[in-house]
Structure formats: C-alpha cells, structure tokens
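The following exercises are each followed by a worked solution.

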Amino acid sequence: METIATFPTDVAPPVAVMTEANSSDRGKSGLVERAAAGDVEAFEELYRANVGRVYALCLRMAGDPTLAEELAQEAFVRAWQKLGSFRGASAFSTWLHRVTVNVVLGHRRSTIRREARVRPLGDDLPRDVAGREAGTAESIDLERAISSLPDGARKVFVLHDVEGFRHQEVSHVMGIAVGTSKAQLHRARKLLRKALTS
Amino acid sequence: MKCLDFTSRIDEYLDDQLRPENAEAFRNHLARCPTCAEEADAVEGLRRRAARLPQSLDPPQDLWPEIATRIAAERVVRGRFGRRALMAAAAVALIAGSVVTAYLVGRSQVGTTVENRQIIENDPSEIVLASFQELGVADYLVTRSGLFGALEVRSGDLSPETLEVLMTNLKVIDDAMEKIAEALEEEPDNEFLMKQLAAAYRRQINLLETAVQLPAEV
Ligand SMILES: [Zn+2]
C-alpha cells in the first residue's frame, strides 16, 4: 500500500524568479560563507542587514504585526538551517526573500497561527509604521488599507504590486491558478481604492 | 476589444507585455472608453503608490535574541536537528523484532511460553492525529482502525508469540509517533520530522497489513 507517496515533505513551492538583488550583498559573501560554516556572529550581521526587508514583507503579507514578528524569526531560523543549500547564484538578500515568502505562505501548517492569529489588526499598525522615517502619511494610509484586505487578496496584492511578481510567479508560489491570481488582484485593488478614497 | 478583456490584461499593458498590435488595440480602447481610461489611471496610480512603499520596516522589537536562542538550541546537537528529533528517529529505528520472524518461530513452539495475548487497539493521542492532519494525511485513524478490526478477526489464527511481538512493535511505533508529533508541535516545518512521521506511519501500516495476511498458525 503506497498511501505514503503523497506525503508532503516538500513544504512550500519555490519562487520562480525574483527581482531585485541588493547590491550591498556583493561585499558580504564572506559573511554568508562564515554563517554557513556555523559562525553565529556572521549570521547576526546578515540578520541586521536584512531584518527590515524581511519584516516588511511578513507584515504586509500576514497583515498582523505579532504574527509578522514570528514569521520573520521563523524565516531567519529557516535561513540558518538552509544556508548550506545557498549556492550564491543569487544575492543572499534575494535568496532570503524567497525563503521568507515560503515561510509566510507555508505558515498555515504551523502552530504559529493558532496562537498569534487571535489579535486582529488594530491601530497599532499605523503607529508602528509612523515610528519610522520612511512612513509618510501616504504610505501609512496604504499600509493600513492593505492590512485590512482579505487574506488571499492581500497576499496576491503584496506579491504583485509591492514586490513586483508577475501573475505567473504569484500563481506558482501560492499554488493558485493565474486566473485566480488576477481575480484576487482585481478584488484587492477595488477594495483598496474604496478604502483609500473614503 | 471589450471592457472585460481590458480589465484582465491591464497589468500586461502597464508592464509592456502585450504584443504591439494588442497594445495598439488597448490604446484605441482607452481613447474611446472613459470607464476603462479611468480604471487604467486608478490601477496605474495604485501600482505606483504600492511600489513606493518603503522596502524595509523595522520590527517593533529586536527579533535577534529569540532567533539566536533557537539557533543555539540547534547547535547543541550535532547537525541541524534537535535532540528530540534525534530521539524520535532512534525510536523508529528501534523497531527490531520482525513479526514474520515471530510467526515463523512461533509456529514451531506453539503454546510454550507466552500466555494468551489480545489485540488491544489504543487510540492515538490528539497530538498525533493533529500532526497527521497538518501533514495532509486525513485517513490515518480510519486506515489504522480498519486494519486493527481485520486483525481482531484474525487474532484467533495467530500464536500468542506472534501477537506478543506484534503488539510490542505497534506500541513502539505509537510511542515514536508520539515523540515525533511533540517535536513537530515545536518545529512544525521541520522536514526531517515530517519524514520520520511518514516512516513511522509506513512501518505501522505495513506491520498491520503483514499481520492481517499471515496464514493461520493455530
Ligand atoms: Zn472599456
């Protein structure tokens, strides 16, 4: 009996193509090698250089600050575990971004959700964002509107319009049809426009 | 071109992904249809705004201490897996006695040492069932119960020795699954643990199926 054949040991689908390598990675290949060899301090430097980007992605995709923190932590732990498989074909930040997307999309299977999901997205998101130099009034409104989107629509919107994925790629990483990706994006934009004009 | 086509291909248009003739048709439609022209403006504006969002946002608190703790915990044990995961793997590997061997030995020594043995079906714990659910194996309990039921029917045909080895091995696998499931609670995405759970599952189902098919020995 081969019931076991479909056992999901491959957790999340790989991201097809990632845009945008961080040029500041170039001088950091030494860090990546040291971290891969088990050097925690080197890995901490990589964490410091990348945490903002990872957290932003988690926050926008998860729509929940508490959950976003846990997902970001998980992404770094996963990156640490998988550093050995990082081949340096892409920039480290690009690779980490892909790991993060997989962690966020795979988190339904994890226990994180059970505890962290209780807290709805309250007014603390704008405050978090406002605390940063980068948070203009315009971006705060948009961040807030994104966080209030339904889960699927939000993830598609963030991947497509914020992260620059094409529908093909969104479809691939999320395991949905291209048509579904388009429909979700359309829905997200409609809801966002409504939220932003009201 | 219809308005509907327009909406569904607007991103290809904005990304310059349309073939020249389609892009031309797109522009013509834009010039004639105020609704779509407005839609295109709005989508383009929203896309531009989204693309301008800061790439980086600082988390409200430093996430490193927790990450460092988790990494350190992994480093304690050689390799990438926690102590519990290694114990779980060891537990599965411990399943030593073969039920077929017991069957063959038992046949030659019917009724010598072991007292009558019963088939006892222990219910798997919630945590084990939850792990199987998380991994997409929805029919574990049904498969297991079905095989136990079939075994119950056959139990009169098997020697006490065979049943003894069988029940001991089933218990070892149950306990291993318990350990793996507990470890999975803590590390839900640990692929190594998922594979261990899959291995334990395969062994248990194989064991039950083998036992059900053994020819009568008593
Ligand atoms: Zn139109």
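**Exercise 1.** Identify the buried residues of helix 9 of chain B and state where they lie around the helix.

*Solution.* Step 1: in this predicted model, the buried residues (under 20% relative accessible area, 1.4 Å probe, protein chains only) are Y140(B), T143(B), R144(B), L147(B), F148(B), L151(B) and R154(B). Step 2: seen down the helix axis, these residues fall within an arc of 130 degrees (taken from the directions from the axis to the C-beta atoms), so they line one face of helix 9 of chain B. Step 3: on the other side of this helix, V142(B) and V153(B) are exposed, the cut-off being over 50%. Step 4: residues three or four places apart point the same way, because an α-helix has 3.6 residues a turn.

**Exercise 2.** Determine the geometry of the zinc ion's site.

*Solution.* Step 1: the protein donors (N, O and S atoms within 2.8 Å of the metal) are C3(B) (SG), H29(B) (NE2), C33(B) (SG) and C36(B) (SG), at 2.1 to 2.3 Å. Step 2: the angles among the four donor atoms are 98 to 115 degrees, and the site is tetrahedral, a term that requires all angles to lie between 85 and 135 degrees.

**Exercise 3.** Decide how far helix 8 of chain A is enclosed.

*Solution.* Ten of its twelve residues are buried, so helix 8 of chain A is largely enclosed by the rest of the structure.

**Conventions.** Residues are numbered from 1 along each chain, and chains are lettered from A in the order written. Local features need pLDDT of at least 70, and side-chain values use heavy atoms, without hydrogens or water.

Key:
This is a predicted model: local features need pLDDT of at least 70, side-chain atom pairs count only at pLDDT 80 or more; totals for chains, interfaces and linings use all residues. Helices (H or I, at least four residues) and strands (E, at least two) are DSSP runs, numbered from the N terminus. Donors are N, O and S atoms within 2.8 Å of the metal (3.2 Å for Na, K and Ca); water is not among the atoms, so sites may look incomplete. Four donors count as tetrahedral if all angles lie between 85 and 135 degrees; four count as square planar and six as octahedral if opposite donors are over 155 degrees apart and all others between 65 and 115; anything else is irregular.
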